[in-house]
Amino acid sequence: MRHYEIIFMVHPDYSDKITTIIEKYKKMILDNLGIIHRLEDWGRRQLSYSINKLHKAHYVLINVEVNPKFINLLATDFRYNTAIIRNMIMSVKKSINEVSPIMKSKEDKKEKK
């Protein structure tokens, strides 16, 4: 089993179905004997550049430990899912459990208010 960091961006029209999309991928990972170390919903964010005339997307980060064969299945699912506009799957050396810098900055903003 290897460790991976997965980031995918969901089309803004599907933001209301984001919990269903996250649960789908969570179930896929767990059904394939994977372990989820970190799952973060970053929310709707501004894109650096427009993608298919879109300026915002809903970001999700998942750190998992799965079999490498499952990653091919996941990549294929991302490719044919119309709700996913971009994705990135990176292999990492060890599991990452701490909160990401983006979520830390969100928490800091909430504390200041």
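In this predicted model, Ile-35 stands opposite Glu-65 of strand 3. The pairing of strand 2 with strand 3 (residues 54-66) is antiparallel and extends over eleven bridges. Both strands belong to an open sheet of four strands, whose order is 2-3-1-4 and whose pairing is antiparallel.

**The sheet**
- Strand 2 (35-51) and strand 4 (84-92) stand at the edges of the sheet with a single partner strand each, so one side of each is left without a neighbour in the sheet.
- From one strand to the next, the twist averages 20°.

**Helix 1 on the sheet**
- Helix 1 (residues 18-31) lies across strand 1 (2-10), strand 2, strand 3 and strand 4, and its direction is at about 135° to that of strand 2.

- When residues up to four places away in sequence are not counted, Ser-15 touches Arg-44 and His-58.

**Helix 1 against helix 2**
- The axes of helix 1 and helix 2 (residues 68-80) come within 11 Å and cross at roughly 160°, which makes helix 1 roughly antiparallel to helix 2, since angles over 145 degrees count as such.
- The crossing of helix 1 and helix 2 is right-handed.
- Helix 1 contributes Lys-24, Tyr-25, Met-28 and Ile-29 to the contact, while helix 2 contributes Phe-70, Leu-73, Leu-74, Asp-77 and Phe-78.
- The residues of this contact between helix 1 and helix 2 comprise seven nonpolar, no polar and two charged.

Methods:
Residues are numbered from 1 along each chain as its sequence is written. This is a predicted model: local features need pLDDT of at least 70, side-chain atom pairs count only at pLDDT 80 or more; totals for chains, interfaces and linings use all residues. Side-chain values use heavy atoms; hydrogens and water are left out. Two strands pair if DSSP finds at least two bridges between them. Helices (H or I, at least four residues) and strands (E, at least two) are DSSP runs, numbered from the N terminus. Axes are lines fitted to C-alpha atoms, for helices over the stretch in contact, and angles run from 0 to 180 degrees between N-to-C directions. Contact means heavy atoms within 4.5 Å. Angles under 35 degrees count as roughly parallel, over 145 as roughly antiparallel, 65 to 115 as roughly perpendicular and the rest as oblique. A crossing is left-handed if the near helix is turned anticlockwise from the far one by less than a right angle, and right-handed if clockwise. Ala, Val, Leu, Ile, Met, Phe, Trp, Tyr, Cys and Pro count as nonpolar, Asp, Glu, Lys and Arg as charged, and the others, Gly among them, as polar.
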